[in-house]
Amino acid sequence: MTALPARFRAFVAEKSDDRVERAVRELGPDDLPPGEVTIRTAWSSVNYKDGLATIPNGKVARISPLIPGIDLAGTVVTSDDPTIAVGDEVIAHGYDLGVARHGGFTEYERVPAGWVVPLPVGLSARDAMAIGTAGFTAGMSVVALEARGLTPDRGPVLVTGATGGVGRTALAILVERGYEAWASTGKAEAHDELLALGAAGIVSRGEVTAESTRPLESERWAAAVDSVGGATMPYLLRTLRYGGAVAASGNTGGVPFATTVLPFILRGVALLGIDSVGVQIAERRRIWDRLARDLRPRALGDAITEVTLDGLEPALDGILAGRARGRWVVRIGG
Ligand SMILES: NC(=O)c1ccc[n+]([C@@H]2O[C@H](COP(=O)([O-])OP(=O)(O)OC[C@H]3O[C@@H](n4cnc5c(N)ncnc54)[C@H](OP(=O)(O)O)[C@@H]3O)[C@@H](O)[C@H]2O)c1
């Protein structure tokens, strides 16, 4: 017996010549990919990568048609895996989800058992998607910096792209953990909100992207969480304190950057790459468990915009246009 209905709704992106058509369609169980676990999706979220998956030349979608959505939370409706029971509340994200196989913008989805994360005690499915892949990446960034020795007494930490999904969550985690966390943003109108969240101060996007002929500047930051990349990276490297590190996860500000080796060889700084896609499932489950406890972001649930499958398009366009203010969550069956 299957608990899947004969028809259900999904948001689909399909390439057609040089365009991508985006629409909510009715699908059936045979349209879902193979996998041991079928999930009734309660919530998904909108990430920058989802925007890229729905535009021509976004270089993210590897199949067409594709149900985008790189993360989801919901309830198991069928399971062929002895460790995962029908009725379990779960999260799935990363790996090929929403990229090379269908993702979370659907009422039902099927995934391999090895991709499933139990919903941690203390988080609702909506909370989990308010954190989502962006917040998970923020958590990973903090874990990586602390594994290299960062502690609150080392000095101020700068978060770039601070109004975005990764940035805002990183700021909220750092503030909650007692760090002096500063926010870099390009949005003047967001300063008050970031200060209210607990930012110790604001640095303008202009300052962090300014060109400089100096390979090293005054030592300012103990660490940085950067989801912007591009022209911001040289600034971060030349202003890190001795032994500091940047956790680099994103490229909303560009891909290439030019720097020198001097921050590395004269100040012992490190550039830590953060990739949430391929993290092993055991580590993924551990970090989610911590996101419900000691990495829980401050004011989780604030700065959330709810959309439905029918209202996804403006959110996808908005995130690509840099209009993110916190997180968009997608109410599906929740
Ligand atoms: N490595 C991974 O596993 C992983 C996981 C998740 C996300 N990511 C990447 O991380 C990045 C952020 O993702 P997100 O979901 O947080 O996106 P988002 O919500 O759109 O946030 C990105 C933020 O970057 C800033 N920004 C936008 N355009 C910019 C520009 N031209 N120059 C400098 N800053 C700019 C804006 O913040 P301000 O206006 O406040 O400056 C914006 O809110 C993306 O590149 C995404 O692909 C990587």
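Which side chain makes a polar contact of 3.0 Å with the side chain of Arg 22? Keep that in mind for the first view, and remember throughout that this is a predicted model.

**View 1. Arg 22 and the residues around it.**
Start with strand S2, residues 19–27, which is where Arg 22 lies. The partner we asked about is Glu 313: its side chain and that of Arg 22 make a polar contact at 3.0 Å. Is Arg 22 buried or exposed? Its relative accessibility is 18%, and buried means under 20%, so Arg 22 counts as buried. If you skip residues up to four places away in sequence, Arg 22 touches Phe 11, Val 12, Ala 13, Thr 54, Glu 313, Leu 316 and Asp 317.

**View 2. Helix H2 against helix H3.**
Here we look at H2 (residues 125–147) packing with H3 (residues 165–176). The angle between them is about 50°, and their axes are 8 Å apart. That angle makes H2 oblique to H3. The way H2 passes H3 is a right-handed crossing. On the H2 side, the contact is made by Ala 134, Gly 135, Thr 137, Ala 138, Gly 139 and Val 142. On the H3 side, look for Gly 165, Val 166, Thr 169, Ala 170, Ile 173 and Leu 174. Sort the residues of this H2–H3 contact by class and you get seven nonpolar, five polar and no charged.

**View 3. Helix H2 again, now with helix H8.**
H2 also packs with H8, this time at an angle of about 105° with the axes 10 Å apart. What do we call that arrangement of H2 and H8? Angles of 65 to 115 degrees count as roughly perpendicular, so H2 and H8 are roughly perpendicular to each other. From H2, the residues that take part are Ala 128, Ile 131, Gly 132, Gly 135, Phe 136, Gly 139, Met 140, Val 143 and Glu 146. They meet Arg 284, Ile 287, Trp 288, Arg 290 and Leu 291 in H8. By class, the H2–H8 contact holds eight nonpolar, three polar and three charged residues.

**View 4. Asp 289 in helix H8.**
Stay with H8, residues 281–291, and find Asp 289 in it. The side chain of Asp 289 makes a polar contact with the side chain of Arg 293, at 3.4 Å. With a relative accessibility of 33%, Asp 289 counts as partly exposed. For a sense of scale, pick out Thr 38 as well: Asp 289 and Thr 38 are 251 residues apart in sequence, and their C-alpha atoms are 22 Å apart in space.

**View 5. Val 329 in strand S15.**
Strand S15 covers residues 327–331, and Val 329 is found in it. The relative accessible area of Val 329 is 0%, so it is buried. Which residues is Val 329 in contact with, leaving aside neighbours within four places in sequence? They are Trp 43, Ser 44, Ser 45, Arg 126, Met 129, Ala 130, Ile 304, Thr 305, Glu 306 and Val 307. Between the C-alpha atoms of Val 329 and Ala 92 there are 15 Å, with 237 residues separating the two along the chain.

**View 6. Helix H6 and what covers it.**
How many of the eight residues of helix H6 (residues 232–239) are buried? Eight of the eight are, and H6 is mostly covered. If you'd like to find them, the buried residues are Thr 232, Met 233, Pro 234, Tyr 235, Leu 236, Leu 237, Arg 238 and Thr 239. Among the elements covering them are helix H5 (205–209), helix H7 (262–267) and strand S12 (240–248). Strands S8 (157–159), S11 (221–226) and S13 (270–273) are also included in that cover.

**View 7. Backbone details in two loops.**
In the loop between helix H1 (48–52) and strand S4 (71–79) you can find Pro 65. A cis peptide bond joins Ser 64 and Pro 65, with omega at about 0°. Lys 59 has its place in the loop between H1 and S4 as well. Phi of Lys 59 is near 60°, a positive value in a residue other than glycine. At 76% relative accessibility, Lys 59 counts as exposed. Now move to the loop between H8 and strand S14 (304–308), where Ala 299 is found. Phi is positive for Ala 299 too, near 55°. Ala 299 is partly exposed, with a relative accessible area of 31%.

Terms used
Residues numbered from 1 in each chain as written. Predicted model: local features only at pLDDT ≥ 70, side-chain atom pairs only at ≥ 80, totals over all residues. Heavy atoms only, no water. Axes fitted to C-alpha atoms, helices over the stretch in contact; angles between N-to-C directions. Helix = DSSP H or I, 4+ residues; strand = E, 2+ residues; numbered from the N terminus. Parallel < 35°, antiparallel > 145°, perpendicular 65-115°, else oblique. Left-handed = near helix turned anticlockwise from the far one by under 90°. Contact = heavy atoms within 4.5 Å. Nonpolar A, V, L, I, M, F, W, Y, C, P; charged D, E, K, R; others polar. Buried < 20%, exposed > 50% of the residue type's maximum accessible area, 1.4 Å probe, protein only. Polar contact = N/O pair within 3.5 Å; in protein donor to acceptor, adjacent residues only side chain to side chain.
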